[in-house]
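Student: I have a model open and want to learn to read it. Please take me through it feature by feature.

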Amino acid sequence: TDDRDLLLWDLRGFDFPHGVSKQYNLRAKFNFSLQAASLGDKDRVSIVLTDAVPMCGGPTSAETTFSLQGLGDGRRTKGNVTLSVWEGAAVVDPGKYLVCFCGGRPSACCNSDADFATKLQSFSAAGAGR
């Protein structure tokens, strides 16, 4: 089996939007969401700086950057089987970021970099850092 087939099975056939890119202000809380079928409480996201992790699923993509606060362990704040919402995230350093997704499964815990191979969106934050 090739890795693409395995990835699609792991993600339960989600159809993610392509090319979503947003701009957020430093230290301002923001929310983001995902609409898809079969979402659950085991699903996770991580947010990484593209300077350190240029592609979701790459080394350290399972670890949210210290430049982002408020995400906790990446579990959604609220949701149901068709909507997941993450609330209260805030960027403290300027840069370009990726939101990487892991579709939690009964046999996996979203604990390896390869589990976070799906990019939900990218965003940037401009301004002076800490």
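**Reading the fold, one feature at a time**

Student: In β6, which residue is the bridge partner of K78?

Tutor: The general idea: strands of a sheet pair through backbone hydrogen bonds, either parallel or antiparallel. Two strands count as paired if DSSP finds at least two bridges between them. Here, the bridge partner of K78 in β6 is V85. Strands β5 (residues 78–79) and β6 run antiparallel, joined by two bridges. They form a hairpin with three residues between them.

Student: Before we go on, what am I looking at?

Tutor: This is a predicted model; local features need pLDDT of at least 70 and side-chain atom pairs pLDDT 80 or more, while totals for chains, interfaces and linings use all residues. Residues are numbered from 1 along each chain as its sequence is written, and side-chain values use heavy atoms, with hydrogens and water left out.

Student: How many helices and strands are there in the chain?

Tutor: Helices (H or I, at least four residues) and strands (E, at least two) are DSSP runs, numbered from the N terminus. This chain has one helix and eight strands. From the N terminus on, the order is α-β-β-β-β-β-β-β-β.

Student: Which other strands pair with β6?

Tutor: Strand β2 (residues 30–35) runs antiparallel to β6 (residues 83–91), with five bridges between them. F32 stands opposite W86 there. Strand β4 (residues 68–69) also pairs with β6 in the antiparallel sense, over two bridges. In that pairing Q69 stands opposite A90.

Student: What is the strand order in the open sheet?

Tutor: It has four strands, in the order β1-β8-β7-β3, with mixed pairing. The edge strands are β1 (21–25) and β3, each pairing on one side only. Neighbouring strands are turned by 30° against each other on average, direction ignored. Those angles come from axes, which are lines fitted to C-alpha atoms (for helices over the stretch in contact); in general they run from 0 to 180 degrees between N-to-C directions.

Student: Do β1 and β8 run parallel or antiparallel?

Tutor: Parallel, over five bridges. K22 has F123 as its bridge partner in β8.

Student: How do I read burial and cores?

Tutor: Buried means under 20% relative accessible area, exposed over 50%, partly exposed in between (1.4 Å probe, protein chains only). In soluble globular proteins, nonpolar side chains tend to be buried together. A nonpolar core is a set of buried Ala, Val, Leu, Ile, Met, Phe, Trp, Tyr and Cys residues joined through side-chain atoms within 4.5 Å. In this chain of 130 residues, 44% count as buried. The largest nonpolar core has 21 residues; F30, F32, V45, I47, L68, V91 and F123 have the most contacts inside it. Strands β2, β3, β6, β7 (95–102) and β8 (118–126) each supply at least two of its residues. Apart from it lies another core of eight residues, among them V48, V53, L98 and C110.

Student: How many aromatic pairs does the ring rule give?

Tutor: Rings of Phe, Tyr and Trp (its six-membered ring) pair if their centres lie within 6.5 Å; planes under 30 degrees apart count as stacked, over 60 as edge-to-face and the rest as tilted. The count here is six. Y24 and F30 are stacked because their ring centres are 3.8 Å apart and their planes are at 15°. F32 and W86 are stacked too, at 5.2 Å centre to centre and 15° between the planes. F32 lies in β2 and W86 in β6, so this pair ties together parts that are 54 residues apart in sequence. Ring pairs link Y24, F30, F32, W86, Y97 and F123 into a cluster.

Student: Is S46 buried or exposed?

Tutor: Buried, with a relative accessible area of 1%. S46 is found in strand β3 (residues 44–49). A polar contact is a pair of N or O atoms within 3.5 Å; within protein, one must be able to donate a hydrogen and the other to accept it, and residues adjacent in sequence count only if both atoms are side-chain atoms. A polar atom of the S46 side chain lies 2.4 Å from the backbone oxygen of S61. Contact means heavy atoms within 4.5 Å. Not counting residues up to four places away in sequence, S46 touches several others, including L71, L98 and F116.
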